[in-house]
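Thank you all for making the time this morning.

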Amino acid sequence: MRVATPGFPAATLDDEGFPSWITGLASEHAIGTAHVVRGLAPGDALHLLGVRPELVTPCQLPAQRPDEWTSLPQAAIGQDDIAPVLLAGQIGDWTFVYDDAGVTVHEDSAGEPGRPAPLATMLSASGREAATSTFTVDADTELAYAADGDLLLHAVKNVDPAADNIPAGLRAAIELAGYFEPGDDKDAASDCGINMRVLCALAGLKITLGDLRKIPLLGAPFS
């Protein structure tokens, strides 16, 4: 496969075009959800996403997962059951939250009862900027981008870089995310990692799992 991702140095992507720090955190059977928000501390972001403050604890990622079903965040806080775990940290102006089970994706929309809204909308309130992306074991994916409480983009499949509705604040990130081509193999998967790359390019998260181990992290179970 041919990779053209100008915004991502060597080792920051895995073999399928996903940011390597995200797939490094996940269990072998899931990728989950990632949120990024500018102008909000990690603990506050966890609280907005529904984590009880008393459950939040500083943590360090272990050297490896204990088994194929356990994510690194679960191992980091000693979570020994299947309850989801959220991991948060900050690099520069941006906070990230990784949800190892993909349960923090939508909230109920007050304006349209019964129609959930991406959590990026809530995270971006009060003049902030935020994005959310999910990838499931069934290869379902989406990308949401919001600013100051307004949802500016919601792609329920791979974002289309050529679409006319790309918000100005997301254009540079899409350009940096580039593309991941399957080459001549007609049965190869499409560029499944593009939404996560766009999210990481937006927040400057062009990092490895080793880079992540060098910054303070917060972890919490979520229910």
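This is a predicted model: local features need pLDDT of at least 70, side-chain atom pairs count only at pLDDT 80 or more; totals for chains, interfaces and linings use all residues.

Phe-18 sits in the loop between strand S1 and helix H1, whereas Phe-135 belongs to strand S8, so the pair ties together parts that are 117 residues apart in sequence. Phe-18 is buried, at 3% relative accessible area, and Phe-135, at 11%, is buried too.

Turning to the sheet, we have eight strands in an open arrangement, in the order S3-S12-S4-S5-S2-S8-S9-S10, with antiparallel pairing. Strands S3 and S10 are at the edges, each with a single partner strand, so one side of each has no neighbour in the sheet. From one strand to the next, the twist averages 20°. Within this sheet, S2 and S5 pair in the antiparallel sense over six bridges, and Arg-38 has Trp-94 in S5 as its bridge partner. Helix H6, residues 194-202, packs on the sheet and touches S2, S5, S8 and S9, its direction making about 155° with that of S8.

Finally, in helix H5, which of the residues are buried? They are Leu-170, Ala-173, Ile-174 and Ala-177, and, seen down the helix axis, they fall within an arc of 105°, so they line one face of H5. On the other side of H5, Ala-168 and Glu-175 are exposed, and after the helix comes Gly-178, with a positive phi near 60°.

Methods
Residues are numbered from 1 along each chain as its sequence is written. Side-chain values use heavy atoms; hydrogens and water are left out. Helices (H or I, at least four residues) and strands (E, at least two) are DSSP runs, numbered from the N terminus. Buried means under 20% relative accessible area, exposed over 50%, partly exposed in between (1.4 Å probe, protein chains only). The arc is that of the directions from the helix axis to the C-beta atoms. Two strands pair if DSSP finds at least two bridges between them. Axes are lines fitted to C-alpha atoms, for helices over the stretch in contact, and angles run from 0 to 180 degrees between N-to-C directions. Contact means heavy atoms within 4.5 Å.
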